[in-house]
Amino acid sequence: MLRNRVKFYFAGWFLEFVDARLADRPYEWLLHQIAELTELQEVAVLEVGAGTGFASRAIERKLPEALIAAVDLSPELLGHGRRVASQVGSTIRFIRADGCSLPFADGSLELVVSAFFLHELSSAKRSTAVGEIRRILKPGGLLLVADLDEAVRLRRLFRFYLLLSHGAGAKAVLGHGLVDLLTSHGFEIESRGGGRGKLLPHQVVRARM
Ligand SMILES: C[S@@+](CC[C@H](N)C(=O)[O-])C[C@H]1O[C@@H](n2cnc3c(N)ncnc32)[C@H](O)[C@@H]1O
């Protein structure tokens, strides 16, 4: 228990360090999508699996009028996020909740963002989490996802790492797995792109309800 708390305490620093240095800049893609969508200004936004809220803070800078909530399971990461947010004058609400049971009303949000969250779940939970996102989005609401993709080089090694770190279900998001999951929940895919960063091969998907 104590070991886990210490681990997650340091994970906060680690996440912030890595997020700021990711090759191919998946977080910049998220911001670019948001900047393109002029209808998004005074809207309600959720980042699910937000960790320390790195992406949420970037979204807040782009959408200063938006009401932004950052949900995560880890109290340590949320605590880290709250400390950073208060230093930069952010008004993001950090909420401890399970992405599989989101504390928001049906059809209450315009935008949900998920950055490197879905691969962390088992296949059954991932499907539940996407169902929850669908439930809380308004009709026509937008989902922006950045998550892992198939590695171009050292593919088998990458899959082995995924198996060890996140279990057998994680590979289901790779390649078209992510898009297939979203479409099976009724999302319409507006764009899919990818960054083939050497360290972290990833894909970015924009989907609408
Ligand atoms: C790889 S981190 C990404 C964090 C953040 N989105 C970012 O880009 O820095 C995955 C996050 O998902 C969170 N997480 C895992 N399972 C969860 C669940 N069932 N509900 C909510 N958050 C969860 C972890 O605590 C962790 O913060």
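Modeller: We begin with the shell: a residue is near a molecule if its C-beta atom, placed from the backbone, lies within 6 Å of it. Please keep in mind that this is a predicted model.

Colleague: Which residues come nearest to the ligand?

Modeller: Gly-49, Gly-51, Ser-74, Gly-99 and Ala-115 come nearest, out of 19 residues around the ligand. Helix H1 (2-19) and H3 are the elements that give two or more residues to this shell. By class, the shell comprises eleven nonpolar, four polar and four charged residues.

Colleague: Where is Gly-51 found, and is Gly-51 buried or exposed?

Modeller: Gly-51 sits in the loop that runs between strand S1 (44-48) and helix H3 (54-62). A residue is buried if 20 or more other C-beta atoms lie within 10 Å of its own; Gly-51 has 27 such neighbours and therefore counts as buried. Between Gly-51 and Val-71 the C-alpha to C-alpha distance is 7.7 Å, although 20 residues separate them in sequence.

Colleague: How are two packed helices described?

Modeller: One gives the angle between their axes and the distance between the axes. Here, helix H2 (residues 26-36) packs with H3 at about 30°, and their axes are 10 Å apart. Angles under 35 degrees count as roughly parallel, so H2 is roughly parallel to H3. The crossing of H2 with H3 is right-handed.

Colleague: Which residues in H2 and H3 meet?

Modeller: From H2, Tyr-27, Leu-30, Leu-31, Ile-34 and Ala-35 meet Ala-55, Ala-58, Ile-59 and Lys-62 of H3. By class, this contact has eight nonpolar residues, no polar residues and one charged residue.

How values were computed: Residues are numbered from 1 along each chain as its sequence is written. This is a predicted model: local features need pLDDT of at least 70, side-chain atom pairs count only at pLDDT 80 or more; totals for chains, interfaces and linings use all residues. Helices (H or I, at least four residues) and strands (E, at least two) are DSSP runs, numbered from the N terminus. A residue is buried if 20 or more other C-beta atoms lie within 10 Å of its own, exposed if 12 or fewer, and partly exposed in between; C-beta atoms are placed from the backbone. Axes are lines fitted to C-alpha atoms, for helices over the stretch in contact, and angles run from 0 to 180 degrees between N-to-C directions. Angles under 35 degrees count as roughly parallel, over 145 as roughly antiparallel, 65 to 115 as roughly perpendicular and the rest as oblique. A crossing is left-handed if the near helix is turned anticlockwise from the far one by less than a right angle, and right-handed if clockwise. Two residues are in contact if their C-beta atoms, placed from the backbone, lie within 7 Å. Ala, Val, Leu, Ile, Met, Phe, Trp, Tyr, Cys and Pro count as nonpolar, Asp, Glu, Lys and Arg as charged, and the others, Gly among them, as polar.
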